[in-house]
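Subject: Structure handover

Hello,

Here is the structure you asked about. My notes on it follow below.

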Amino acid sequence: MNRTQPLVLGIESSCDETGVGIVRGTTLLTNTVSSSMDEHVRFGGVIPEIASRAHLDAFVPTLEQALSDAGVALDDVDAIAVTSGPGLAGALMVGVCAAKALAVATGKPLYAINHLVAHVGVGLLDGAGGGRHNGTAPQLPENLGALLVSGGHTEILRINSITDDVQLLGSTIDDAAGEAYDKVARILGLGYPGGPAIDKVARTGNPKSIRFPRGLSQPKYMGTAEEPGRHRYDWSFSGLKTAVARCVEQFEARGEEVPVADIAAAFQEAVVDVISSKAVLACREHGIKDVLLGGGVAANSRLRELTGQRCASAGIRLHVPPLDLCTDNGAMVAALGAQLVMAGVEPSGIRFAPDSSMPVTSVSLPARRQ
């Protein structure tokens, strides 16, 4: 196996994107994604059974397209990496079974990796925005943090080592930010997915027209730097979603027109305000000088703007990969897989099971012995 510039095929199927990416070391050869999002629109959210069946239909065509675009054959691949968690159980199972079948058929080593850490690993690809180059292979900065904001996760991480040492600093205790966007968009009649819809409508609204709550920001949850509160770096968006619903009900009860743009703008400001402020606080108090923003909600214009402003004020460098590498994709899986290969980490084998609640502190699954 080539351990200096390994050719790695990555498979992602944790939610509604079937992704196959291929990298050589830190060079991205292809990032092929097939999304089943359109099949979920009428339900207002991802339906696990539909997503799983869509993965079954899309995997082989997506794999063939990726190999063709990269100009490589399966026999050329040095290793295979697959998302083993976290994610939807049925969707994960499709990708994992496909990866195991490929590993058995080709004899290639298989790495079962963490979906969330892969969002950070994508920053190591050439030109992806997270690494320092200086004419050599990109490397993640020291004292790196990662702010992951998506439909299923809102977390702030400290990356001591991308291959074996990731620390969770804070996370949402209920809804993820993306979930809150989808639910509020439904309340406002804006459809699914909620993130892009609210982002667009909010541009014409007044974010100061309504003051929505910032969850877990009260002193009893925050504490101090010397005596941190239990939820100092955590988020909660469930109460915010309820506050929006009550606000809409009040306008309707008075027979008044619901100011959708103002509510969308005020809701979005509440989300990005508390996300960015707590993330910057965690970075400052842990000596983190660089932070990578990833996940589907990283496409949100106001989140990128406010996080960038607050990071700059705090002397923190913000790194944002290209948007197609922020959302779920196979390239990020392949990128992290390549890092594991280059670090000499032992493959996972084929005896592992997908884990829908895989903790972020587990970068990859070790081989299971009989």
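Strand 6 (144–149) and strand 7 (154–161) are joined by a hairpin of four residues. Helices (H or I, at least four residues) and strands (E, at least two) are DSSP runs, numbered from the N terminus. The model is predicted, so local features need pLDDT of at least 70 and side-chain atom pairs count only at pLDDT 80 or more, while totals for chains, interfaces and linings use all residues. Residues are numbered from 1 along each chain as its sequence is written, and side-chain values use heavy atoms, with hydrogens and water left out.

Strand 6 and strand 7 run antiparallel and are joined by six bridges; two strands pair if DSSP finds at least two bridges between them. Within this pairing, L144 is opposite I159 of strand 7. A hairpin with three residues between its strands is formed by strand 7 and strand 8. Strand 8 covers residues 165–171 and pairs with strand 7 over six bridges, in the antiparallel sense. Here S161 stands opposite D165.

Five strands form an open sheet in the order 3-2-1-4-5, with mixed pairing. At its edges are strand 3 (27–35) and strand 5, each with a single partner strand, so one side of each has no neighbour in the sheet. On average, neighbouring strands are turned by 20 degrees against each other, direction ignored. Axes are lines fitted to C-alpha atoms, for helices over the stretch in contact, and angles run from 0 to 180 degrees between N-to-C directions.

Strand 2 (residues 17–24) pairs with strand 3 in the antiparallel sense, over eight bridges. G19 has V33 in strand 3 as its bridge partner. Strand 4 (residues 79–85) pairs with strand 5 in the parallel sense, over five bridges, and I80 is opposite L110 in strand 5.

What encloses strand 5, given that five of its five residues are buried? Strand 5 (residues 110–114) is largely enclosed by the rest of the structure, because five of its five residues are buried. Buried means under 20% relative accessible area, exposed over 50% and partly exposed in between (1.4 Å probe, protein chains only). Both faces of the strand are covered, with L110, A112 and N114 buried on one side and Y111 and I113 on the other.

**Helices 2 and 3**

Helix 2 (residues 48–70) lies across strand 1 (7–12), strand 2 and strand 3, at about 25 degrees to strand 2. Helix 3 packs on the sheet and touches strand 1, strand 4 and strand 5, its direction making about 160 degrees with that of strand 4. Contact means heavy atoms within 4.5 Å. Helix 3 covers residues 89–106 and, with strand 4 and strand 5, makes a right-handed β-α-β unit (right-handed if, with the strands pointing away from the viewer, the path from the first strand over the helix to the second runs clockwise).

A51 lies in helix 2 and is buried, at 0% relative accessibility. Apart from neighbours within four places in sequence, A51 contacts C15, S36, H40 and V46. E17, in strand 2, is also buried, at 13% relative accessibility. Leaving out residues up to four places away in sequence, E17 touches E12, V33, S34, S35, H55 and D328.

The buried residues of helix 5 (residues 177–187) are A177, G178, A180, Y181, D182, V184 and A185. They pack against strand 6, strand 7, helix 6 (194–202), helix 8 (238–253) and helix 9 (260–285). After helix 5 comes G189, with a positive phi near 70 degrees.

There is one aromatic pair, where rings of Phe, Tyr and Trp (its six-membered ring) pair if their centres lie within 6.5 Å, and planes under 30 degrees apart count as stacked, over 60 as edge-to-face and the rest as tilted. The rings of Y181 and F267 have centres 5.1 Å apart and planes at 75 degrees, so the pair is edge-to-face. Y181 in helix 5 and F267 in helix 9 are 86 residues apart, so the pair links distant parts of the chain. Y181 is buried at 1% relative accessibility, and F267 at 0%.

The charged end of K100 sits over the ring of F352, 4.7 Å from its centre. A charge sits over a ring if NZ of Lys or CZ of Arg is within 6 Å of the ring centre and within 35 degrees of the ring normal. R254 does likewise with the ring of F251, its charged end 4.9 Å from the centre.

Regards
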